[in-house]
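Hi,

Here is the model I promised to pass on, with my notes below it. Have a look at the structure before you read on.

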Amino acid sequence: MSDLANKRIVLGMTGGIACYKICELVRRMTERGATVDVVMTEAATHFITPVTMQALSGRPVFVDQWDPRVPNNMAHINLTRGADAILVAPASTDFMAKLAHGLADDLLATLCVARACPLLIVPAMNREMWANPATQRNAAQLRADGVTLLGPTEGDQACGEVGSGRMLEPHEILEDLIAYFQPKALAGKRVLVTAGPTSEPIDPVRVLTNVSSGKMGYAIARAAREAGAEVTLVSGPTALAAPRGVRRIDVTTAHDMLDAVMGRADSADIFIAVAAVADWRVKEVSASKLKKTDGGAAPVLEFVQNPDILGTVAALPRPPYCVGFAAETEDLARHAAEKRARKGVPLLVGNLAQEVLGRDDTTLVLYDDAGEHPLPRSSKLAAARQLVAEIARRVAA
Ligand code: C5P
């Protein structure tokens with residue numbers, strides 16, 4: 001993944017035990033293509049050495065405002081020019097107070113005041129320090145000044161206490177940072193997504209389901225959130241974690257999914273039906289486990305058709321912009337066109353089931369009034385971002 005290719009990030013570290021987690025963050029950032037210039041306060045060097053951060057970033061690390069390695073002695077200017085963002089993680093109570101007052105008494109604080117790029121901070125502190133009215137005042141002031149705060153979150157703290165002030169985990173910081181750089185094509189929009197398989201009971205221990213992993217729907221929910229939308233993900237049973245900032249509603253059967261969707265469809269601007277909904281369910285679900293007997297006949301199950309969720313939403317008097325999916329094993333164009341007409345949706349996204357199911361990459365083809373638009377083969381997340389951009393363009397038009 002090269003989500004951060006061509007991004008130059010000044011990563012500021014201030015004094016806190018959460019510094020140890022930043023080693024992992026720097027690894028993940030460089031893996032994704034970022035150039036990371038680490039700047040540490042003197043207090044941060046008591047937790048992690050500059051040598052460690054230099055080895056991980058592959059770049060010189062700066063601590064001292066008077067560092068003779070910078071030829072014109074302008075480290076506080078040079079380091080931020082050309083940077084795409086300054087990310088301060090962990091951001092201590094003291095550092096937040098300095099930032100809120102525009103103090104510039106060390107290299108990192110001076111860099112922040114002299115910056116010409118966005119500033120994101122990741123607070124990390126004891127719960128009483130975070131709850132302190134002075135810290136809350138400073139946090140509010142920083143938000144008002146246009147600084148982006150990532151977290152903090154709640155949980156166990158290094159001091160043994162439990163509460164709010166805990167730093168986000170490195171993978172969460174990374175996801176938020178990547179999202180920060182995505183174009184906000186869906187800002188202010190409400191997006192409803194279905195994903196995963198459904199699971200229809202046969203008896204108390206057996207179900208009827210399919211091999212959908214949910215990866216495509218989850219990638220679309222993430223991409224929509226990255227694009228600035230408020231996203232609700234109605235998900236059948238999957239092994240996936242919800243993307244950050246996405247509200248996930250877990251359902252099991254097609255009927256559960258229909259109920260969850262219909263309760264929210266009226267207030268959605270866009271509905272994207274990615275779920276592989278079971279077409280049929282068992283007519284009479286057995287209250288007790290179906291028993292096999294030696295030489296006995298196999299049970300015969302009678303099926304009834306499930307409701308069509310996408311078709312039901314598209315038929316609302318004032319439907320959201322509806323996007324359907326079609327996973328076919330052959331003759332994609334013909335099936336997709338037929339499905340788009342039958343469901344009454346403006347956009348249908350087709351793919352070949354054998355090429356995508358359970359995999360991390362995909363090839364999508366868009367079908368709309370203007371015809372057929374294939375997207376290049378890519379990771380499901382990259383494809384989801386392209387699809388979200390295509391949807392945003394159509395919704396805006
Ligand atoms: O041909 P099919 O009815 O399976 O069409 C697939 C599209 O319709 C997908 O977008 C899928 O999420 C949606 N669908 C649905 N409810 C169903 C079956 C499919 O919303 N019962």
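Five strands form an open sheet with parallel pairing, in the order 2-1-3-4-5. Strands here are DSSP runs of E with at least two residues, helices are runs of H or I with at least four, and both are numbered from the N terminus; two strands count as paired if DSSP finds at least two bridges between them. Strand 2 (35-40) and strand 5 (148-149) are at the edges with a single partner strand each, so one side of each has no neighbour in the sheet.

Before going further, please note that this is a predicted model: local features need pLDDT of at least 70, side-chain atom pairs count only at pLDDT 80 or more, and totals for chains, interfaces and linings use all residues. Residues are numbered from 1 along each chain as its sequence is written, and side-chain values use heavy atoms, with hydrogens and water left out.

Back to the sheet. Strand 1 (residues 8-13) runs parallel to strand 2 and is joined to it by six bridges; Met 13 has Met 40 of strand 2 opposite. Helix 1 (residues 19-31) packs on the sheet, where it touches strand 1, strand 2 and strand 3 (85-91), and its direction makes about 175° with that of strand 1. Contact means heavy atoms within 4.5 Å. Angles run from 0 to 180 degrees between N-to-C directions, with axes fitted to C-alpha atoms, for helices over the stretch in contact. Helix 2 (residues 50-57) lies across strand 1 and strand 2, at about 170° to strand 2.

Helix 4 (residues 93-101) has Thr 93, Phe 95, Met 96, Lys 98, Leu 99 and Ala 100 buried, where buried means under 20% relative accessible area (1.4 Å probe, protein chains only). Their cover includes strand 3, helix 5 (107-113) and strand 4 (119-123). Gly 102, which follows helix 4, has a positive phi near 70°.

Gly 155 stands opposite Gly 163 of strand 7.

A pocket is an open set of points on a 1 Å grid over the protein atoms alone, where a 1.4 Å probe fits, with protein on both sides within 12 Å along at least five of seven lines; lining residues have an atom within 4 Å of a point. Volume is the space filled by probe spheres set on the points, which are joined across faces, edges and corners.

The largest pocket has a volume of about 1,100 Å³. Its lining has 44 residues, with Ala 275, Ala 276, Val 277, Asp 279 and Phe 325 nearest the centre. Strand 16 (321-328) is among the elements that give two or more residues to this lining, and with five residues strand 16 gives the most.

The second largest pocket holds about 620 Å³ of space. It is lined by 22 residues, and Glu 175, Ala 219, Arg 222, Ala 241 and Leu 381 are the closest to its centre. Helix 8 provides the largest share of that lining, five residues.

Overall, the protein has 14 helices and 21 strands, and buried residues make up 49% of its 397 residues.

Best wishes

Definitions and conventions. Buried < 20%, exposed > 50% of the residue type's maximum accessible area, 1.4 Å probe, protein only.
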